[in-house]
Amino acid sequence: MIITIAGKELKALFSSPLAWIVLTLLQLILSFGFLKRLDDFMQIQPQLMQAPNPPGVTELVVVPVYATCAVIMLFAVPLLAMRLIAEERRNQTMVLLISAPLSMTEIILGKFAGLMVFLLLIVGVTTLMPLALLAGGSLDFGLLASVIGGVALLAACFAAVALYASCLTAQPISAAIVAFSLLLGMLLTGETASDGLRERGWTVPAALAQVLSPLKNFESFAKGTLDSYSIACMVMLTVVFLILSIRRLDAARLG
Amino acid sequence: MTATTTEITVSAQGLLRRFGAHTVVDGVTLELKRGEILGFLGPNGAGKTTTMQMLTGNLAPSAGSITICGVDLLDKPSAAKAHIGYLPETPPLYRELTVGEYVDLAARLHRVPKGERQAAVGEALSSCGLAEVSKKLVGTLSKGYQQRVGIAQAIVHRPDLVILDEPTVGLDPNQIREIRNLIRTLGRDRSVILSTHILPEVESVCDRVVILHHGKTVFADTIDGLKKFHGGRIVHVGLRHPPAAGVLAAIPGVARVDADGEHIFRLSFDDKADPTDALVRRAVEESWGLFQLVPAQTSVEEVFVQLTQKDEAAA
């Protein structure tokens, strides 16, 4: 049933121009950055060779591509997710889902899954660029896997927050604005609070603040260090916002 | 979905719904058996749509209970909703899908098994007259066709209870007749709840009528009961040589006389009295020239107006 709803969402995404525009712009920006970095890398490669234990092409060229992808997602996910619930409310099609023998959990998970498939597609298409480098050399596959996993988890966090924002309103545009503000606010407070608190030696509040900042958690993936606490933070954030979304839908029924 | 399920398809007891301090639906109770079509009437804002939203699980009642085919809607929403097909006031259409895709999606969402899905979709499309437009986008169809797509969506999973909120709005007279026939067909082996403003529609289609006013049930009976509501209590009498005013009113059992032109009189009788015999005897004896004696057919409209304007006058 979740697959049915996810399929419907994907179909709706691809029948609107938004999905295609996002995919195109993302590819343009990422490939430009990728080629520029690759070019720079080729120029400084002779000097790097002289250094002991030099950073490789994965670290210098591939990881920044995913970091850019993460930042673009911060803008793209609110736009891609805004329709999920808000537009169904505005077009009064939510009734079809609510009247069907589905639980609110199935509706939310279906919508989330549909969006995630699209976001993973973005990550997949991005991954084609580093894979192209295999034609002329080799990659650090451990680091590549780690950064892909990081971006995927980051996408899940953003998607859950944006889905929740979409549950709050019947206007897709307001949903996008709310989602973007929420994400930005969380990133900023999470980042600064977590650093500030840790400096003062308050480790527990610092650890809690870290949950709020998916971008901060992404950093450890980008270094290739699999930090289990970072993974836990991102999973927690996603689950919390999915539960909030389910409760929000239920509340609309209770009115 | 089978004929073996309990005979009573929907039973709602004391439904109450408040929005803030405002009570929109106040103690509505209704029960419907398989094979019955219930007409749901009331002026705008009477609480018809709210009641239907509660019956379909779109809105939780503030108080009261709803049982669909023996399953409690509030306890086991998914199991109960499987028995319901619902067409809301605004059909919930995805404009970017084709008619076929859309009805197929509705079938999937209602958990129609994969093997039966194609047949179910085909049946729903053909019974709503949509077979030839199944490849068109929902968004490009006319309002009448969109309404039919909405009905197809509500019946594709062969529900025991079909709830239609104003299904014939925006249709032309031919389409209205088709939809009425479809509703009659549906009513043969399932229950249908139909809300409408078109009163003759209720008379021609429904077995039972519930009239809501200010959220309360003001009338609930069969169509025959409605016709008897004060049927026989009013008689139109045609007299060629009417007696002086006051003579007719003096006949025992006659409550009121309204003249309708020079020769036609509308006589209202007291409850339980039947002065027809006395009237006819006097007419013959005194040569009033009786040429017409017609018991008035009470129409839904008369009852509706009477019941829903009563407290407006009092207020």
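## Exercises on chains A and B

Strand β1 (residues 8-19) of chain B runs antiparallel to β2(B), joined by nine bridges. Strands here are DSSP E runs of at least two residues, helices are H or I runs of at least four, and both are numbered from the N terminus. Two strands pair if DSSP finds at least two bridges between them.

This is a predicted model: local features need pLDDT of at least 70, side-chain atom pairs count only at pLDDT 80 or more, and totals for chains, interfaces and linings use all residues. Residues are numbered from 1 along each chain as its sequence is written, chains are lettered from A and ligands numbered from 1 in the order in which they are written, and side-chain values use heavy atoms, with hydrogens and water left out.

**Exercise 1.** Describe how α3(A) and α7(A) pack.

*Solution.* 
- Step 1. Helix α3 (residues 57-81) and helix α7 (residues 141-167) of chain A have axes 9 Å apart, at an angle of about 10 degrees.
- Step 2. They are therefore roughly parallel (under 35 degrees; over 145 is roughly antiparallel, 65 to 115 roughly perpendicular, the rest oblique).
- Step 3. The contact residues divide into 21 nonpolar, two polar and one charged. Ala, Val, Leu, Ile, Met, Phe, Trp, Tyr, Cys and Pro count as nonpolar, Asp, Glu, Lys and Arg as charged, the others, Gly among them, as polar.
- Step 4. Among the α3(A) residues that meet α7(A) is A:A70; among those of α7(A) is A:L154.

**Exercise 2.** Is A:L215 buried, partly exposed or exposed?

*Solution.* 
- Step 1. A:L215 lies in helix α10 (residues 214-222) of chain A.
- Step 2. Its relative accessibility is 24%, so A:L215 counts as partly exposed (buried is under 20%, exposed over 50%, partly exposed in between; 1.4 Å probe, protein chains only).
- Step 3. Beyond its neighbours within four places in sequence, A:L215 is in contact with A:A70, A:L154 and A:L187.

Conventions:
Contact = heavy atoms within 4.5 Å. Axes fitted to C-alpha atoms, helices over the stretch in contact; angles between N-to-C directions.
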